[in-house]
Amino acid sequence: MATLFLRNSPFPQLHHCLVSFPKPFPSTIRIRPLTSAKIGGSEITEQVSESKETNVNVKKKIFVAGATGNTGKRVVEQLLSKGFSVKAGVRDLEKAKSSLSNDNPSLQIVQADVTESSTKLAEAIGDDSEAVICATGFRPGWDLTAPWKVDNFGTVNLVEACRKLGVNRFILISSILVNGAAMGQLFNPAFIFLNVFGLTLVAKLQAEQFIRKSGINYTIIRPGGLRNDPPTGNVIMEPEDTLYDGTISRDQVAEVAVESLVHPESYFQVVEIVSRTDAPKRSYKDLFGSIKQS
């Protein structure tokens with residue numbers, strides 16, 4: 001996850017086979033105790049069996065793209081702490097070994113580069129993942145196409161991989177001000193600065209639009225300026241194209257992403273988040289439920 005610094009800006013950092021059997025062969029047989037019945041003085045013993053579906057408690061995994069990034073790593077940690085199984089998609093396996101816990105049986109690390117084909121990504125995600133959280137972000141450099149490779153085409157590749165597999169839950173960590181032009185924020189220093197690097201916000205916005213037209217069940221999270229320090233206030237959540245300044249701890253961004261997995265109120269929503277010390281503490285059910293999508 002890339003981190004950029006803008007002096008004196010309200011936006012100091014840049015974000016981030018089942019086999020079925022015919023009826024004569026039930027999957028589970030429960031044998032009842034032998035029962036007896038007397039007919040005309042003779043005792044007939046019968047064994048009664050009944051079929052019952054097997055209650056197989058297979059724990060589904062959450063696939064996290066960009067799992068070694070500053071935000072992605074926190075998403076992985078919070079998923080594990082809340083009892084989820086995690087498949088961490090990373091580009092560099094060696095880096096992952098040093099930055100992610102290797103001794104947690106609920107964590108699986110796989111190689112996954114979002115700039116590769118959706119077919120390869122589908123192989124990485126696998127048929128044991130029930131949702132995908134995208135916490136990727138380009139690394140700044142001289143390649144001005146990097147934001148499009150990662151934040152646009154990479155996100156599209158992930159969505160296409162989900163569609164190939166039938167994974168119908170996708171959570172994207174994006175950024176506030178992606179639609180800054182429509183908000184009248186063309187001269188906002190953060191909007192100008194972030195778009196200097198290959199039109200980063202434009203790339204993110206187009207990826208968002210693709211997700212919204214894909215038919216997949218999405219939650220798009222647009223955080224304000226990302227801070228690496230622990231939370232110092234409570235989360236404020238607003239509808240899309242509302243917030244144009246403010247910051248938030250990466251820990252809180254990760255928490256919002258994880259909470260969106262368990263709150264139906266977050267389905268098909270675009271939310272913008274920052275934190276403020278004077279904001280009241282609210283449940284995520286209330287926060288997501290307060291957003292009325294236009």
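Predicted model: local features only at pLDDT ≥ 70, side-chain atom pairs only at ≥ 80, totals over all residues.
User: Why is Phe187 called exposed?

Analyst: The label exposed applies over 50% relative accessible area, buried under 20%, and partly exposed in between (1.4 Å probe, protein chains only). Phe187 has 76% relative accessibility and therefore counts as exposed; its place is the loop between strand S9 (169–173) and helix H5 (189–196).

User: Why does Gly126 count as buried?

Analyst: Gly126, found in the loop between helix H3 (118–125) and strand S8 (129–134), has 11% relative accessibility, so the label buried applies.

User: What makes Glu208 and Arg222 a salt bridge?

Analyst: A salt bridge is a side-chain nitrogen of Lys or Arg within 4 Å of a carboxyl oxygen of Asp or Glu, and the side chains of Glu208 and Arg222 meet at 2.7 Å, N to O. This pair links distant parts of the chain, with Glu208 in helix H6 and Arg222 in strand S10 (residues 217–223), 14 residues apart. Glu208 is buried because its relative accessible area is 1%, and Arg222 counts as buried because its relative accessibility is 1%.

User: Why is Arg163, which meets Glu160 in a salt bridge, called partly exposed?

Analyst: Arg163 has 45% relative accessibility and so counts as partly exposed, and Glu160, with a relative accessible area of 26%, is therefore partly exposed. The N to O distance of the pair is 3.4 Å, and both residues lie in helix H4, three residues apart, about one turn of the helix.

User: How do you know that H4 is roughly parallel to H6?

Analyst: The axes of helix H4 (residues 146–165) and helix H6 (residues 200–213) come within 7 Å and cross at roughly 15 degrees. That makes H4 roughly parallel to H6, because angles under 35 degrees count as roughly parallel, over 145 as roughly antiparallel, 65 to 115 as roughly perpendicular and the rest as oblique.

User: Which salt bridge joins Asp151 to a lysine, and where do the two residues lie?

Analyst: Asp151 forms a salt bridge with Lys204, the closest N and O atoms being 3.5 Å apart. Asp151 lies in helix H4 and Lys204 in helix H6, 53 residues apart, and both residues are buried.

Methods: Residues numbered from 1 in each chain as written. Heavy atoms only, no water. Helix = DSSP H or I, 4+ residues; strand = E, 2+ residues; numbered from the N terminus. Axes fitted to C-alpha atoms, helices over the stretch in contact; angles between N-to-C directions.
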